[in-house]
Each structure stands twice: as C-alpha cells, then as structure tokens.
Amino acid sequence: MQRYGGRRRGRRRSGASAASNGGPYRGAVQATVPRDLELPKTLTVKQLADEMELDPISVIKELMRNDVFANINQTIDYDTASLVARELGYNVSAMPEAEEGFAAYSELNLEDDPDKLVERPPVVTILGHVDHGKTTLLDAIRESKITEGEVGGITQHIGAYQVDYNGRKITFLDTPGHEAFTAMRSRGAKATDIAVLVVAADDGIMPQTVEAIDHAKAASVPIVVAINKVDVPDADIERVKRQLVERGLVIEEWGGEVIAVPISARERMGIDDLLENILVVAEVAELRADPDRPAMGVIVEAQVVKSKGPLATVLVQTGTLRQGQTVVVGSSWGRVKALMSEAGRRVSSAGPSTPVEILGLGHLPQAGDTLWTVRSEKVAKDLIRDRQRRLDAERQTLTPTTLEEASASIGRGDVSDLNLIVKTDVQGSVDAVRGTLEKLAVDGARVNLIHAAAGTINESDVLLARTSSAIIVGFNTRVEPGARQMADVDRVDIRHYDIIYRLSEDVQRALEGLLTPVYQEIVEGHGEVRAVFPVGRRLRIAGSYVTDGRITRNAAARVIRGGQVLHSGSVSSLKHFKDDVREMTAGYECGIGVEGFNDFEVGDVIEVFSS
Ligand code: GDP
C-alpha cells in the first residue's frame with residue numbers, strides 16, 4: 001500500500017494496536033517511543049489521520065479538545081496539525097520545501113531553454129470509427145512492446161502507456177477516439193503529437209473516420225493511417241487509399257505525405273511497421289523538451305481512491321516531475337507525495353513524454369487540465385489567484401461565438417478566418433454547401449471549413465466548435481438534445497438554413513464584416529387549421545386548434561403548409577365562438593384571421609411569433 005502524505009521516520013505503529021489501547025489514544029501513544037512526523041503547511045484532517053494511522057474520528061476529537069471544530073475533509077494548517085500530532089506523541093517537524101536548487105520562477109509560461117532541449121518520445125492518440133479496431137490495436141501494441149521488461153507482468157490501466165521499439169520510446173494515450181482527444185484540447189492541452197487513424201479495410205472510411213480526420217486537422221496533428229483488418233477476406237486496401245485521397249489525405253505511394261500502414265490488430269500483423277513509421281513522423285516533427293526545467297504536464301485521467309485522495313495520471317510534457325514538488329493543477333494545488341509508473345512501481349521522477357500516476361493533489365482534476373510545478377505553496381496560491389483573475393478577464397473579452405460577432409471581428413480586422421462546421425441532411429448537400437462556401441471570397445477574409453459531414457449536429461461537433469471558435473451551420477438537419485444543451489452552456493452558435501442561397505448570403509456578409517445582429521424572434525404558439533369558414537364574399541377564417549403556446553390578436557404570424565412558409569402577416573381577428581378575444585391558449589379552438597391571406601387549407605399551421 002502506498003503511504004499518503006509526509007515522510008515518517010522511525011518505527012510504524014499500527015492503528016489497530018493504538019485502538020486496542022482505547023480512549024483517545026493519548027495515553028497509549030505517549031507510553032511508546034515518540035515517532036518523527038514531517039507535516040506540510042496544510043493538510044486535511046483525513047490526511048493527518050492517515051499520516052498517524054489513526055481513525056479520523058479520534059483526530060477530530062483531539063482537535064475539538066483544542067477548540068478546533070473541523071470535519072474530516074477540512075484543511076488545517078501546520079500549527080494546528082502539529083499541536084494535535086504532538087499531543088498524540090509525535091515529534092513533528094515541517095516538511096522541507098521542494099528540492100534544493102529547484103529553479104525559482106513565478107510565471108506559468110516559462111519557456112524551455114533552447115540549449116538544453118533533448119529529443120522526447122512522441123505522444124500518440126488512436127482515432128477512428130467505432131469497431132474499426134482502436135482498442136484492439138492499443139492492446140496489441142501494449143502487449144508487444146511494454147517497456148521496463150514488464151512483459152507478462154502486471155500492468156494497470158492508467159490512461160497512457162509507453163512502449164519501447166528498437167531502443168526508442170513511444171507514448172500512447174489509451175483513451176481512443178476524437179471526443180476524448182478534442183475534450184482534452186478544449187481545456188487548453190495539446191497532449192498529442194501524432195494521431196493514428198484506424199480505418200478497417202473491409203468497411204472503409206465511415207462518418208467517425210471523417211470526424212477524426214477533421215478533429216486531427218483542426219489540432220494540426222500529423223496523421224499516420226493504420227489500415228486495419230487486412231486479414232478479413234473482403235479487405236480492400238486500395239479502396240481505403242482512394243477514400244483517403246478523397247478526404248485530402250494523399251498517401252506517400254501516390255505522391256503525398258501521409259503514411260498508410262496495412263495492419264491486422266487482431267492477428268498482430270504490421271504492428272512493428274506501424275511503430276517504425278510513427279517514429280519516422282516523430283523525427284520529422286522534431287519533438288524536443290527540456291528535462292531540467294520545472295515540470296509541466298497534462299492530466300490524462302483521474303479518480304478518487306479511498307483513503308488516498310485523488311490519484312491522477314499526468315503526462316509530463318516538459319521538465320521533470322519529482323516527488324515532493326508543489327504543483328498547480330487547474331484551480332487547485334497539491335504536493336506530489338508519490339509517483340507511480342504504469343507498472344504500479346514507485347518512481348522518484350518522471351521526464352518528458354512519460355505518463356506517471358501521482359498522489360497528493362488537493363482536488364480531483366479533470367482530463368486535459370494542465371499541471372505546473374511551482375517553487376512553493378505561496379507561489380501556487382498566488383498563481384491560482386492570478387489565473388482565476390485572468391480567466392475572469394478572458395470571459396469578459398469573449399472570442400467571437402456567434403456569426404454576427406465573428407463578422408464584427410472580421411470587420412475590425414481582428415480575425416481573417418471564419419471557422420465553420422457544416423452538418424447537412426444528406427451527403428449530396430455536404431458537397432453543395434462546401435462548393436458554395438469555398439467560392440465565397442472577400443479580400444482578407446475567408447471561410448475555414450473545419451468539418452463538413454452529413455448527419456445531425458452532435459456533441460462532438462459542439463466540442464470541436466468550442467475548441468476551434470467555430471460556428472455550426474445546420475442545413476436541413478437537427479440538433480441532438482445533448483448537443484443543444486452543451487451549445488447553450490458553451491455559447492456555441494448553431495445556425496439553421498434550408499436554402500443554400502440564404503446561407504451563402506449570410507456567410508458572404510459575415511466575411512465582409514457587415515452581418516449585423518438580428519434580434520431573434522420568439523415563437524409564441526401554433527394553431528392547426530381544422531376547418532375553413534368564409535366571412536362575407538372574400539374573407540376566410542381558419543377554424544383552428546391551438547396546439548401549443550398562445551395566439552394573440554395583432555401578433556405577427558406566418559402560415560405554414562408542408563414545412564413551407566406561404567405567407568406572413570399579423571393576426572387580424574381572433575374569435576372564440578362568436579366573441580372577439582385578445583388571446584387563446586393551448587387546448588382551445590378559435591377562429592383566426594391573418595391579414596392579407598384567404599387561402600387557408602385544413603392542415604395548415606399558423607405560427608405566431610414576436611421579435
Ligand atoms: P474500436 O471500437 O475501434 O475500439 O474497435 P475494437 O478494437 O473494439 O474492435 C472491434 C471489433 O473488430 C472486435 O470484434 C475486434 O476483435 C475486431 N478487430 C479488431 N481488429 C481486427 C483485425 O485486425 N482483424 C479482424 N478480423 N478483426 C479485428
């Protein structure tokens with residue numbers, strides 16, 4: 001079992017034997033030889049109890065005796081903790097500040113020292129369509145080449161692993177898929193150097209393959225293609241290659257730059273070839289880091305472990321992370337109490353591109369959070385405060401999130417790219433919309449189509465839009481409920497069009513910096529026409545049932561038939577039986593007259609809106 005917290009010198013005492021001595025344990029403890037205990041500047045009651053291997057309740061009682069009323073998760077300072085620990089028979093001393101000689105700095109964005117850069121292993125993420133073999137490939141690679149001579153040994157899932165291929169290391173993030181990839185990126189982390197795109201040779205490029213390609217491109221991450229399942233009889237490698245070219249990934253043998261490796265993840269074929277090619281791409285990318293600087297990394301995975309607190313996997317990106325160091329993660333800080341390799345072994349440090357588990361964080365971090373080593377607890381606290389201030393300020397000066405805001409930014413010359421994500425009803429429309437948008441041109445501004453595909457607007461689209469400051473355009477398609485919620489929270493603009501002309505007009509105006517905000521109309525209610533009554537010779541009244549909301553006299557209305565708007569005009573008359581009324585609500589029948597329209601048919605919908 002790993003110890004949580006500070007260093008303890010001297011003989012260990014078991015909690016059970018202390019308990020058997022009864023009471024608040026004071027007498028029992030004092031009767032034995034005092035033990036040494038190093039305590040940090042702050043820790044929770046629980047951590048203090050763990051340190052002393054006592055039941056937290058007894059620590060709480062001891063605190064109460066000293067007029068400190070703290071619950072199990074509350075943080076207490078060194079003075080309080082040491083008072084209690086001393087009374088419980090410990091020789092207490094302060095835990096030393098992090099390593100001597102540790103570079104002092106107060107800026108988060110400390111640059112690597114160019115003279116100290118050394119090569120670091122590439123960090124690889126596996127992307128691709130569901131069932132194309134991502135997990136099988138991760139398993140195959142892991143089994144074949146685990147480092148540290150761990151083959152056959154117990155390795156645990158910690159969210160990332162490292163393999164050794166011909167003396168060179170490669171780190172794999174083993175949460176496959178572009179959703180996780182972009183979710184991490186949306187938190188500001190660029191964890192991946194190379195994306196391996198898995199395409200099943202029998203299935204070819206599928207919708208999520210296209211999403212994966214676009215997500216990798218949006219992140220400017222080079223792609224290596226693994227054409228998987230070449231063992232199955234109907235595998236068609238050439239077809240996959242052709243499809244890749246259609247998606248802008250021209251493979252090497254056809255004069256392009258993309259490496260495609262045929263493999264069978266299940267039969268463990270072609271794995272070495274794939275690893276070798278990953279290293280070729282890594283070489284071109286010239287991945288370097290400075291192992292001497294304070295560490296910076298990204299959280300890959302995290303969970304709370306009973307009695308130990310948050311356990312997080314950090315992928316160290318630069319610098320070296322060491323036991324005892326103070327770190328800032330997201331909006332909290334902690335002290336690295338223990339580092340564990342993926343094999344579950346205690347290690348004292350972890351260098352660039354190394355995944356390592358750490359104990360000692362104050363709060364549970366999220367995947368994608370950045371971790372920074374800092375000189376001291378004080379610096380940590382200052383940084384967190386500073387960062388919060390900066391985040392608040394950023395929220396005020398928002399990056400453009402609506403088409404109108406983007407247009408205004410283009411108009412001011414702040415940005416030149418209009419990032420769009422296009423989703424359409426059918427594949428044919430994707431090409432039509434793409435063709436139209438690509439033709440739009442304005443000096444100094446252009447459309448950057450980050451992703452275009454057929455299908456509903458999903459959460460992955462919203463995530464990509466948020467990460468790339470893009471606007472989502474839906475053409476004859478709908479938004480999935482989860483995606484709608486996410487878009488509302490993240491202020492992602494989703495625009496709907498059903499006529500290409502309207503779309504190109506809006507985008508053209510946006511590029512010219514001329515699109516002005518439209519005040520969104522609010523739909524107030526709908527009436528369904530059930531009968532049509534003549535009034536006089538020409539006028540017609542629609543005998544309608546109010547299906548939702550309300551219909552109000554004089555409100556703006558439109559008549560819709562078969563999804564098409566036939567006419568717009570105000571509600572000129574509203575009757576309930578013979579009486580004129582001002583408003584009718586859902587569930588009632590009424591007679592509606594719409595100004596300038598007399599051609600009602602049964603089945604028409606009258607939509608009332610305000611703007
Ligand atoms: P993921 O959804 O992309 O992670 O796909 P999985 O790794 O779960 O694989 C989906 C299915 O394809 C499983 O039944 C695998 O056994 C199978 N599979 C994966 N790789 C291969 C392969 O190289 N050849 C064959 N024949 N089947 C494979």
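A polar contact is a pair of N or O atoms within 3.5 Å; within protein, one must be able to donate a hydrogen and the other to accept it, and residues adjacent in sequence count only if both atoms are side-chain atoms. The model is predicted, with local features needing pLDDT of at least 70 and side-chain atom pairs counting only at pLDDT 80 or more, while totals for chains, interfaces and linings use all residues. Residues are numbered from 1 along each chain as its sequence is written, and side-chain values use heavy atoms, with hydrogens and water left out.

The ligand is surrounded by 15 residues, each having a heavy atom within 4 Å of it. The closest are Asp131, Lys134, Thr135, Thr136 and Asp231. A backbone N or O atom of glycine 133 is 3.0 Å from a ligand oxygen atom. A polar backbone atom of aspartate 131 lies 2.7 Å from an oxygen atom of the ligand, and for alanine 265 the corresponding distance is 2.9 Å.

Helices are DSSP runs (H or I, at least four residues), numbered from the N terminus. Helix H13 (residues 427–439) packs against helix H16 (residues 500–511) at an angle of about 30°, their axes being 10 Å apart; axes are lines fitted to C-alpha atoms over the stretch in contact, and angles run from 0 to 180 degrees between N-to-C directions. H13 and H16 are therefore roughly parallel to each other (angles under 35 degrees). Contact, meaning heavy atoms within 4.5 Å, is made by Ala432, Val433, Thr436 and Leu437 of H13 and by Ile500, Leu503, Ser504 and Val507 of H16.

Notes. Helix = DSSP H or I, 4+ residues; strand = E, 2+ residues; numbered from the N terminus. Parallel < 35°, antiparallel > 145°, perpendicular 65-115°, else oblique.
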